[in-house]
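The sequence and the model come next, and the description follows.

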Amino acid sequence: MKRYLLQRSLLLLPTLFGALTLVFFLIHLVPGDPIEVMLGETASAADKDELRRSLALDQPLMVQYRSFLTGLLRGDLGRSLYEQSSVTDLIRTRLPATIELTLCAMAIAVIISFPLATLAAVKKGSGIDRGALLFSLVGLSLPNFWLGPLLMIIFSIQLGWTPVSGRGGLDHLVLPSLTLGMGMAAILTRILRGSLLQVSNEDYVRSARAKGLSEKQVWLKHTLRNALLSVITIMSLQFGSLLAGSIITETVFSWPGIGRLTVQAIQTRDYPLVQGCVLVIAISYLLVNLLTDIFYHLVDPRITYGK
Amino acid sequence: MTLIKHENLTHRNKRDMVSQNFTSGNSRLIRNNTYHRLLVASLIVVLGGCRFSSSSNHNPGYLVVGIESNPLQLDPRYSTDANSVRIGGLIYNSLLRSDENSRLQLELAENWQKMDPQTYIFDLRRNTTFHNGQPLTAADVKFTYESILQAKNLSPKRALLKPLQAIDQLGPYRLRFRLAAPHAPFLEHFTIGIVPASSAGDAVSSATPPVGSGPFMLESLQSGEAVTLKANPSYWEGKPSLAGLVFKVVPDAMVRVLEFKKGSIGFMQNDLEPDVLPWIKHNTDAAIEARQGTTFQYIGINLTHPILMHKKVRQALAHAIDRESIIRHLIKDLGTPASGLLSPLNWAYEGRVNQWPHDPEKAKHLLDEAGFPDPDGDGPRPRFKLSFKSTNLDLRRRIAEALKEQLQRLGIELEIRTYEWGTFFSDIKKGNFHLYSLAWVGIQDPDIYHQIFHSASVPPNGDNRGHYSNSQVDQLLEKGRTAMDATERKRIYGEVQRILAEDLPYIPLWWWKNVIVKTSSLQGFVPYPDGDFTALKKVSFRSQTPAQ
């Protein structure tokens with residue numbers, strides 16, 4: 001296991017390298033000039049050239065790339081072109097907000113989907129089952145930019161229970177987590193229900209019943225745990241995409257996270273910041289994938305890695 | 001990015017997998033413990049990261065102002081984005097400051113004299129101190145301007161100060177600014193905020209912006225969340241009535257409105273969808289005010305295009321556009337039909353220029369005269385096709401659709417292309433467009449005409465993106481720069497406005513109004529034409545509970 005983890009950790013490096021290389025060249029290919037954004041309308045051509053020179057943006061792309069990689073090896077992600085602050089500091093400020101939101105959204109999704117999917121599978125064809133399927137359908141269909149304001153109107157404006165937006169105490173976390181977690185809860189409910197029904201037809205479940213185990217034991221100890229593998233895969237993928245892609249929710253709820261920072265960086269063609277954000281997002285994805293592999297082993301000890 | 005693939009896993013025995021479940025053996029207990037540990041660890045991580053009590057924004061007497069985007073750089077030597085400039089205006093004082101009528105008034109300067117067209121002498125107020133208690137002297141002013149001029153500091157404002165040859169300190173409170181040549185618009189640059197001489201020269205050496213001497217001082221700066229200012233108790237004009245200001249960043253316009261409805265925002269200025277104003281009016285106790293502003297919305301034209309280079313075609317387009325209808329229906333009367341770049345609020349505004357009222361018939365005649373007859377009358381074939389570029393904001397798209405429909409009636413086919421800001425602006429700068437729509441914000445001195453319409457100002461040297469060239473305009477604009485007499489300048493720019501209204505390198509659309517939505521308990525706010533926040537230093541709450 002340790003050897004496998006070491007191998008996987010080493011494999012992260014070429015993947016990260018590939019992602020960063022791709023993004024470096026893509027962001028430079030996109031039309032738009034950071035110097036225009038930084039200096040605005042009034043700057044002279046000479047000043048723009050001077051700034052371009054001082055930021056080494058006049059250098060050939062390969063030279064810039066080499067210098068980016070050299071900085072990266074030293075742990076220096078550079079300075080934001082627009083915010084006049086180091087990329088590392090900006091990411092350090094914003095990342096906790098995104099992690100906080102993602103973990104809470106994930107917790108909400110699990111709290112909603114696990115009991116709902118289990119009940120739906122146990123009582124297949126019943127009203128609960130139909131309700132769970134309807135919930136999945138509705139949850140998947142509701143876009144966050146619509147669900148967010150709807151929740152705000154109900155819980156913040158009408159009932160006055162929560163703040164409308166912004167980051168603060170736990171009360172600030174409720175609505176954005178619910179908005180972000182709802183879509184994931186819908187997916188998990190659907191996948192878990194299907195997986196549970198599939199597993200419930202397996203021989204070992206029949207054997208468990210034949211042994212005289214109670215239905216509760218059969219479903220919770222034998223069926224649910226065997227059905228978890230597919231759910232873990234989906235959860236890991238979702239978790240990675242939530243870390244990277246909760247942009248809409250962060251914008252709607254004025255949540256100062258990494259998603260909003262990335263969008264702002266792309267809009268202003270803030271190359272170092274875009275690269276820094278992509279690095280963080282790529283690392284998040286890879287770490288989540290690695291953790292998922294470890295989880296597979298914990299849930300199903302028959303799954304081993306390496307020799 | 002890679003996804004987990006099951007081929008990475010090596011199962012001990014595939015048959016085992018389907019015939020065994022995992023509940024047998026001692027490992028169950030161990031695994032259960034593992035789950036519990038993981039669960040507890042997850043909860044610690046989740047809850048540990050959360051702040052249990054709501055922080056900030058609850059100080060009594062603070063006004064919460066909703067803003068759309070994060071102010072990026074408050075240091076007045078480097079700030080260029082609108083919110084940084086506006087918030088910075090409350091933290092920093094400048095030698096002169098524009099008032100609510102866009103006229104320059106004394107601020108840090110007690111008086112100033114123009115010794116000759118190239119020399120200005122300023123005497124500073126003597127009772128002014130920075131927020132740290134240190135007195136503000138001529139050395140601080142000199143330092144501020146010189147640090148902008150130093151090439152290594154990379155200030156975006158350096159180009160503006162190019163005409164400045166030297167600053168001489170004539171005494172602790174006296175300064176002389178010497179220009180290399182007469183340059184009338186330079187006066188506008190005496191509005192740059194002053195920082196202490198002890199500040200870092202560049203913008204990157206310090207994590208926080210330097211202290212100022214303005215009515216409010218920086219209390220906290222949370223990137224992407226809020227900027228909090230508190231009243232300066234020893235402000236030379238007297239302590240502001242408000243205890244402080246919180247500029248809360250809420251990117252979504254609808255959410256800002258909901259925050260206002262809930263009472264967690266007490267003041268908003270502009271950046272609101274026109275459609276939501278009636279809702280705010282009926283559902284909140286807001287005081288809403290719309291005042292004439294200076295932001296100028298226009299259609300830019302590429303004059304190198306074989307069709308658009310004809311003046312009559314441009315005039316036909318101007319006649320074809322029904323501004324009144326767009327203003328009434330799409331922007332809900334938040335604009336006034338414009339005749340040119342300078343609004344009636346500007347001292348150099350000239351009203352006696354060609355106007356282009358909506359007249360489709362006249363537009364058709366002009367197109368016929370220009371040599372672009374309709375090939376099949378009311379048939380489907382157009383006279384010609386043009387593209388129209390715009391940003392992808394919803395309101396901009398709807399305006400583009402309205403323009404398309406209006407031009408279609410004349411037999412002009414408009415292809416709408418919308419882009420995100422960076423790509424759109426890059427295309428415009430490169431001259432890669434037929435028609436586009438944009439707005440000029442914060443126009444003060446009419447010298448802006450030089451930047452936009454002088455034939456030498458084609459990008460990258462300026463913003464003459466449509467490649468307009470008229471030698472008479474060039475001469476007038478050069479004269480306008482060096483003429484020091486205001487009456488003479490007004491005459492010169494009046495002539496420029498008359499020529500441009502005839503040549504139409506831009507088709508003027510409207511001047512936006514500034515919309516202020518504030519809680520009814522707030523009093524004393526005077527809107528500025530450019531949307532400045534300066535007047536917040538004079539506002540106060542009536543006796544009822546303030547919105548925080």
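## A residue in a loop

Where is the place of B:Ser102? B:Ser102 is in the loop between strand S3 (96-98) and strand S4 (104-106) of chain B. Its phi is near 60 degrees, a positive value in a residue other than glycine. B:Ser102 has 19 other C-beta atoms within 10 Å, so B:Ser102 is partly exposed. A residue is buried if 20 or more other C-beta atoms lie within 10 Å of its own, exposed if 12 or fewer, and partly exposed in between, with C-beta atoms placed from the backbone.

B:Lys332 also has a positive phi, near 50 degrees, and is not a glycine. The loop that holds B:Lys332 lies between helix H8 (323-329) and strand S14 (335-337) of chain B. B:Lys332 counts as partly exposed, with 16 C-beta neighbours inside 10 Å.

## The model and its numbering

This is a predicted model, in which local features need pLDDT of at least 70 and side-chain atom pairs count only at pLDDT 80 or more, while totals for chains, interfaces and linings use all residues. Residues are numbered from 1 along each chain as its sequence is written, and chains are lettered from A and ligands numbered from 1 in the order in which they are written.

Chain B has 14 helices and 20 strands. Helices (H or I, at least four residues) and strands (E, at least two) are DSSP runs, numbered from the N terminus. Of the 548 residues of chain B, 42% count as buried.

## Strand pairing in chain B

An open sheet of four strands in chain B has the order S5-S6-S8-S7, with antiparallel pairing. Two strands pair if DSSP finds at least two bridges between them. Strand S5 (109-116) and strand S7 (164-171) of chain B stand at the edges, each with a single partner strand, so one side of each has no neighbour in the sheet. S5(B) and strand S6 (residues 119-124) of chain B are joined by six bridges in the antiparallel sense, and B:Lys114 stands opposite B:Tyr120 in S6(B).

Elsewhere in chain B, strand S13 (residues 287-301) pairs with strand S18 (residues 506-518) in the antiparallel sense over eleven bridges. B:Ala290 has B:Val515 in S18(B) as its bridge partner. S13(B) also runs antiparallel to strand S17 (residues 435-440) of chain B, with six bridges; here B:Ile301 stands opposite B:Leu435.

## Nonpolar cores

The largest nonpolar core has 130 residues, and A:Ala105, A:Cys277, B:Ile91 and B:Leu245 have the most contacts inside it. Helix H5 (residues 87-122) of chain A gives the most to this core, with 17 residues. A second, separate core of 57 residues includes B:Leu410, B:Phe453, B:Trp510 and B:Trp512. A nonpolar core is a set of buried Ala, Val, Leu, Ile, Met, Phe, Trp, Tyr and Cys residues joined through C-beta atoms within 7 Å.

Leaving aside neighbours within four places in sequence, B:Leu245 is in contact (C-beta atoms, placed from the backbone, within 7 Å) with B:Tyr62, B:Leu63, B:Val65, B:Phe216, B:Leu229 and B:Leu536.

## A helix of chain A

The buried residues of helix H7 (residues 144-158) of chain A include A:Asn144, A:Leu147 and A:Met152. These buried residues of H7(A) pack against helix H8 (170-200) and helix H11 (247-252) of chain A, together with helix H5 (253-262) of chain B. After H7(A) comes A:Gly160, with a positive phi near 70 degrees.

Conventions: Contact = placed C-beta atoms within 7 Å. Expected span 1.5 Å × (residues − 1).
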